Amino acid sequence: MRVIFTMPDGAELMAGPPSGLTLKRDADAPADSLELTFAFDFPAELEPCAARLEYGGQTIFSGIVDEQTVRHEKGEKTTYFSLRSRAALLLDNEAEPCTLRMPSLRLMEQRILRPLGLAAEGGDTSPKQGELIIEKGTSCWSALCAFSERFLQITPYETNGGRLCFTARTPRTLELSEVLSLEKRRMPYAQISRVVVQNTRTGAYSAVFENPAARGVFRTRYRTADAGLPPAEILAAGERAALSVRAVCAGFVDAVPGDVCAFPQLGNACARLCLQSMRYRLTRGIEETELAFVPDAAP
């Protein structure tokens, strides 16, 4: 595991091994995060702006420094760094308000990604029929997602190399070794037993969609005909929220949200689970990766 810092002038510095490290990847966050702790005398005059993390010669994180803290306590000096991957710049910056007619991925890259030092990967770059309205106060990330989800039917994601990918992620099947602990949690409170939808003609809530898996519970949701998710997706989301599996493995597992894994020893419901989050920790030379799984949304 190597940490290479980048200074504001572009110079690079390879740091000594950190005494503590936590790498986080979450399905609900566009940017990964990294926390570093150095127990040795990290030079106080060095204020890096970015860093990358390499494992086995491969870059597994590249990002910007959000915070740097130096603590003196009991005669010892400790330096902490908090970083996010470069997609965080899309959250921190607002897109220019405008109306784009016949927008394209190439145009979005020129207007939003390149000024932040980012680049697009994959995706259809041809102009699209229609227009995209970007209102004042819209983050660059929200503007990109609005374009991509509407015109490309895809949600972009960041690669380990710091590029924004506009093609569907191909999930890997994980084969976990050295599993230290395995935990399955059932949360029936999250299950929805039925969704009742309003009739657009009569106004009555008469269309009932039942969840056969939610036996013995009665949790009902009412929706107007044009409100949000379809009933089937509401029921499926409740099923995913009602089951989770947590696996802790020795060493580093280079897994990303969306990867799939099977735990047949935990029952049929765990035959195909989808990775929701990953936490890799290095503490005093001991490496562990914690993986959280939920039922796979794919059919």
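Let me start with how α2 and α3 sit against each other. In this predicted model, the two helices pack at an angle of about 175°, and their axes are 11 Å apart. Angles over 145 degrees count as roughly antiparallel, so α2 and α3 are roughly antiparallel to each other.

Which residues make that contact? From α2 there are L105, M108, I112 and L113, and they meet C140, A143, L144, F147 and L152 of α3. Sorted by class, the contact has nine nonpolar residues, no polar ones and no charged ones.

Stay with α3 for a moment. The helix has 13 residues, and from its first C-alpha to its last it reaches 17 Å, close to the 18 Å expected at 1.5 Å a residue. Its buried residues are C140, W141, A143, L144, C145, F147, S148, F151 and L152. What do they pack against? Besides α2, the buried residues of α3 pack against α1, which is residues 88-92, β10, residues 131-134, and β12, residues 164-165.

Next, what follows the helix. Just after α3, Q153 takes a positive phi of about 55°, and Q153 is a residue other than glycine. Where does Q153 lie? It is in the loop between α3 and β11, with β11 covering residues 157-158. Is Q153 buried or exposed? Q153 has 58% relative accessibility, so it counts as exposed.

There is another residue to look at with a positive phi. M102 is not a glycine, and its phi is about 50°. M102 is placed in the loop between β8, residues 98-101, and α2, residues 105-113. M102 has a relative accessible area of 43%, so it is partly exposed.

I will take two of them.

If you want a pair to find on the screen, E158 stands opposite L164 in β12.

Look at the two pairings of β14 in turn. With β15, β14 runs antiparallel, and five bridges join them. In that pairing V197 stands opposite A207 of β15. The two strands form a hairpin with six residues between them, and G203 in the turn has a positive phi of about 85°. With β16, β14, residues 194-198, pairs in the parallel sense over four bridges. There the bridge partner of V196 is Y222 in β16.

What lies across these strands?

One more residue, from another part of the chain. E35 is found in strand β4, residues 33-38. Its relative accessible area is 38%, so E35 is partly exposed. What does E35 touch? Leaving aside residues up to four places away in sequence, E35 touches G20, L21, T22, K24 and F81. The C-alpha atoms of E35 and R84 are separated by 8.8 Å, and these two residues are 49 residues apart along the chain.

Last, the whole protein. How many helices and strands does it have? The secondary structure comes to four helices and 20 strands. The C-alpha atoms fill a box of roughly 75 × 55 × 35 Å, taken along the principal axes. Of the 299 residues, 41% count as buried. And among contacts between residues at least 6 apart in sequence, 61% join residues at least 24 apart.

Conventions:
Residues are numbered from 1 along each chain as its sequence is written. This is a predicted model: local features need pLDDT of at least 70, side-chain atom pairs count only at pLDDT 80 or more; totals for chains, interfaces and linings use all residues. Side-chain values use heavy atoms; hydrogens and water are left out. Buried means under 20% relative accessible area, exposed over 50%, partly exposed in between (1.4 Å probe, protein chains only). The expected span of a helix is 1.5 Å times one less than its number of residues. Contact means heavy atoms within 4.5 Å. Two strands pair if DSSP finds at least two bridges between them. Axes are lines fitted to C-alpha atoms, for helices over the stretch in contact, and angles run from 0 to 180 degrees between N-to-C directions. Angles under 35 degrees count as roughly parallel, over 145 as roughly antiparallel, 65 to 115 as roughly perpendicular and the rest as oblique. Ala, Val, Leu, Ile, Met, Phe, Trp, Tyr, Cys and Pro count as nonpolar, Asp, Glu, Lys and Arg as charged, and the others, Gly among them, as polar.
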